[in-house]
Amino acid sequence: MTVINDAPPVAARRSPLARLARVEFTLFFRDRVGPIWGVGLPVLLLVIFGAIPSFKKVQPGYGGLTILDAYVPILITMSLALLALIVMPSALVNYRERGVLRRLKTTPAGPVRVLSAQLIVNATVAVVTLVVLLVVARIAYRVPLPRHFGGWLVAALFAMAALMAMGLFIAAVGPTARAAAAIGAILFYPLMFFSGLWLPIPSMPVVLQHISHASPLGAAWEAFQNADLGHWPPALSLVTMAAWAAAFGAAAARFFRWE
Amino acid sequence: MYMAFRAMCAAERNGDAACMTAIIEVRNLRKAYGDTVAVDDVSFTVQEGEIFGILGPNGAGKTTTVECVEGLRTADRGEISVLGLDPWRDRAELTQQLGVQLQDSQMPDRLKVAEALDLYSSFYRAPADWRALLEVLGLADKAGTTFKKLSGGQKQRLSIALALVSNPRVAVLDELTTGLDPQARRDTWELIERVRDRGVTIVLVSHFMEEAERLCDRVALIDSGRVVVVDTPAALAERVETEQRIQFRPSVPLDDALLASLPEVTNVLHRGEVVVVTGNSNALNAVVSVLARNQIVAEQLRVEQASLEDAFLALTGKHHRPEAESHGE
């Protein structure tokens, strides 16, 4: 039996968080749900919309943009929303259900690190998807890149913060992984509606436009749109997203259970 | 409480070196969830190098007790010391030194055996070589298998491997063999004995009397949140050993009066061709000599003595249904 005590692993030691993040990446791709819905679907929709001729005409009221131009930020928010509201919460609740979080509580790593690893994985995948969407739109469909790139990055960051906070809240209150996915889906559709997935915001009736601007993804679209046109995102849109992030982040911290 | 007290003193008086160092001390532990008192008053001491069993019926408070020891829960009252550490305050250090197997804790479905062990070993200062651990646990050929595809016994062995990957001095194993088939159960028992031979102190939570009898040096019987008694399995069984039951098939028909007249015998029964004799601890001798004198051969002779299970029933006064137990105390 001495063999066990005598031979510490030779492998280079890395921090538990780095290991956990790597394992979570592997599982993310093995589970396939995240890659298909969070990455595949938005890119597929971009390809479909890009094939519609009327989407490539400059639209009145869009500040000189085509419908396709306006759809790119919508698809970006869609990818963020699918990852943050559905993929991440069901993974975390699944871990709670199976006792993974509890088991980690008995190790020096602790359960907080697996939550961090999940955030890292989903944020990284989101960033990669955003880049893919921008590049495909630019190369295949001549959608101009955002003219105010710094403003665009800030918009993406705020949108991600708001959605991740909502995702953590869903993970906090969802009793089972299935229930968490259902809650995520129920939130996903109205949020996407107000980001203009079915009817772009400039084409909405005024009342709906107001609601959109107050919703996290409507605010995100507005911020992206301004950056696309070369402006800094309006302060109100950033404040709106920050408020959603703070409210849901606080609620998630209040209600999150490890077991 | 009186019996528990006596048992602890007996253990201390034993005085051999292995029994001198207390590695876990639990004193007057109490834990309630709302109005439900899960653990009322539990005290026991685990000595270095022993396999210590915590036994009891459903909802007795076994799991809550070890969860307090593991630092998963705070005690409402009482003191716990594990390796000289306070499980709640010194969690960071305790988790380095305490190996834990939780009741129904699983790994992610698509995580492979080797990945799980590699990950968990990265959490610890001085981990064991998990490849060697896989060999010992007979999981070497499953290193590339995902958790979902493992059998119940393999999942259980993986959770033992994960509990040992930190090279712990103490391992707490909760419901180690629940849900395993008899062969897997026996294999697991052998494994635990080998782990103990390496010097790991083991706390075993179980509702299996056979398991405790086979593995444990000492057991604590817990009932309704209190320790009923702490002693060796053999000593516990002796406490209730008032009667013997002797079964045999006589080679020729037998007159009951022959046996019933013996002072050592209290009862004689016929079950088909089998005769069942109940009597005191000297009954076997008396019965065998009478049969020999009458030239009757006792075929398929069996003697049943009180087991830990009987002790359990006598001491808790409860009907114990092993298969009804699942989890969640």
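## Close-up views of a predicted two-chain model

**View 1. Strands β11(B) and β12(B) lie side by side.** β11(B) and β12(B) pair in the antiparallel sense, joined over six bridges. (Two strands pair if DSSP finds at least two bridges between them; helices, H or I of at least four residues, and strands, E of at least two, are DSSP runs numbered from the N terminus.) Look for Val268(B), whose bridge partner in β12(B) is Val277(B). The two strands form a hairpin with two residues between them, and Gly272(B) in the turn has a positive phi of about 65 degrees.

A note before moving on: this is a predicted model, in which local features need pLDDT of at least 70, side-chain atom pairs count only at pLDDT 80 or more, and totals for chains, interfaces and linings use all residues. Residues are numbered from 1 along each chain as its sequence is written, while chains are lettered from A and ligands numbered from 1 in the order in which they are written.

**View 2. Four strands of chain B make an open sheet.** Their order is β11-β12-β10-β13, with antiparallel pairing. β11 (265–271) and β13 (298–304) of chain B stand at the edges with a single partner strand each, so one side of each has no neighbour in the sheet. Between β10(B) and β12(B) there are five bridges, and here Phe248(B) stands opposite Val275(B). On the β13(B) side, Arg249(B) faces Glu299(B).

**View 3. How confident is the prediction for chain A?** Chain A averages a pLDDT of 91, and 95% of the residues score at least 70. (pLDDT is the predictor's confidence in each residue, from 0 to 100.) Over residues 1–11 of chain A, however, the pLDDT is below 50. Where pLDDT is low, the predicted coordinates should not be read in detail.

Notes: Contact = placed C-beta atoms within 7 Å.
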